[in-house]
Amino acid sequence: EILAKNFVLLRADDRRRRIREGIQALTDGRDLQVNLDAELLETLVFITEYPTPMLGEFDPSYLELPEEVLVTVMRHHQKYFSVEKGDGTLAPNFIAVMNTAGDAEGLVRRGNERVLRARFNDARFFWDVDQKKTLAARVPELEHVTFQAKLGSYLAKTQRAMTLVGELGGNEAAVRAVELSKCDLTTELVKEFTELQGVVGGLYARAQGEPEEVSRAIYEHYKPVSMEDSIPSTVTGRLVSLADKLDTLRGCFGVGMVPSGSSDPFALRRAAQGVVKILVEGNLALPLAQLTGQDAQLAEFFRDRIDYYFR
């Protein structure tokens with residue numbers, strides 16, 4: 001009680017409730033709904049003592065940028081909740097959570113708006129600069145981006161995966177998607193906002209006139225990133241994702257980089273789990289021997305992941 005009188009809420013549940021109720025009060029009576037991201041909510045609960053949400057706004061001209069870019073800037077870089085209009089489109093608003101009882105003069109709100117404006121300006125600058133070179137023109141640059149010391153560059157990985165996606169039954173669109181899938185690693189936007197790799201590639205492919213089948217496959221080729229995540233939405237996207245993950249698994253097992261204990265620097269368990277999830281939920285009938293390249297150790301690794309998935 002003494003802590004609460006001094007603006008420190010001891011219990012996490014109380015801080016969580018204060019954030020939820022504060023957001024509700026800010027949006028009541030407005031045509032706004034907040035994307036209450038569960039992970040971000042937990043972060044804010046545990047980095048504040050007396051959380052107080054506030055509603056900020058930004059220039060609607062920034063909505064010309066893709067929603068994915070704006071939401072990533074707000075969520076990952078500023079720890080803001082994004083806000084949508086009633087029709088589901090992004091609103092020129094955000095919810096920030098300050099660690100104080102109030103902001104009567106609006107100084108904290110204006111400070112947050114100023115910082116977000118600078119971040120959005122960066123994103124817009126990087127987007128415009130990146131458009132001066134197509135993804136296809138960036139392919140040779142992948143030779144200078146190391147995938148893994150023993151396995152070579154991302155260009156070498158791309159070339160292996162292009163062959164592999166053909167072996168898995170992928171069409172020309174699948175091969176093209178694999179060819180362009182890692183090119184966004186050379187873009188300024190991904191260098192600044194690494195969380196957007198893959199997504200940026202898909203957005204750039206669409207903006208640069210690549211077929212929708214290709215751009216969608218690039219956009220989703222890192223999926224699924226967890227057991228809860230969805231698989232790519234198209235067959236082409238599923239094959240591209242499989243080729244990318246299988247190349248990583250085959251390559252790492254081939255040079256002896258097998259996960260042991262909690263050590264798994266290339267997230268091979270997650271990659272194998274993603275392969276299993278795509279095969280099962282995408283109803284793809286591919287022989288295990290074909291997937292593993294006849295590697296007995298990798299086949300055993302997959303069987304463990306299959307057991308885990310069905311458990």
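**Helix packing in a predicted model**

In helix α10, the residues V199, V200, G201, G202, L203, Y204 and A205 are buried, where buried means under 20% relative accessible area, exposed means over 50%, and partly exposed lies in between, with a 1.4 Å probe and protein chains only. Before I go further, please keep in mind that this is a predicted model, in which local features need pLDDT of at least 70 and side-chain atom pairs count only at pLDDT 80 or more, while totals for chains, interfaces and linings use all residues. Residues are numbered from 1 along each chain as its sequence is written, and side-chain values use heavy atoms, with hydrogens and water left out.

Let me stay with α10 for a moment. This helix runs over residues 199-207 and is mostly covered, since seven of its nine residues are buried. What lies over those buried residues? The cover includes α4 (67-78), α5 (107-130), α6 (135-138), α9 (188-192) and α11 (212-219), and contact here means heavy atoms within 4.5 Å. Just after α10 comes G209, which takes a positive phi of about 90 degrees.

Now to the chain as a whole, which comes to 15 helices and six strands; these are DSSP runs, numbered from the N terminus, with helices being H or I of at least four residues and strands being E of at least two. The C-alpha trace spans about 65 × 45 × 35 Å along its principal axes, and buried residues make up 48% of the 311 residues. Of the contacts with a separation of 6 or more, 68% are between residues 24 or more positions apart.

Next, the helix pairs. Two packed helices are described by the angle between their axes and the distance between the axes. Here axes are lines fitted to C-alpha atoms, for helices over the stretch in contact, and angles run from 0 to 180 degrees between N-to-C directions.

On the α4 side V69, L70, V73, M74, H77 and Q78 meet V115, L116, R119, F120 and A123 of α5. These contact residues divide into eight nonpolar, two polar and one charged, with Ala, Val, Leu, Ile, Met, Phe, Trp, Tyr, Cys and Pro counted as nonpolar, Asp, Glu, Lys and Arg as charged, and the others, Gly among them, as polar.

The second pair is α12 (residues 235-254) and α15 (residues 296-310), which pack at an angle of about 130 degrees with their axes 10 Å apart. That angle makes α12 oblique to α15, and the crossing is right-handed. L246, L249, R250 and F253 of α12 make the contact with Q297, L298, F301 and F302 of α15.

I will end with some single residues.

Technical notes: Angles under 35 degrees count as roughly parallel, over 145 as roughly antiparallel, 65 to 115 as roughly perpendicular and the rest as oblique. A crossing is left-handed if the near helix is turned anticlockwise from the far one by less than a right angle, and right-handed if clockwise.
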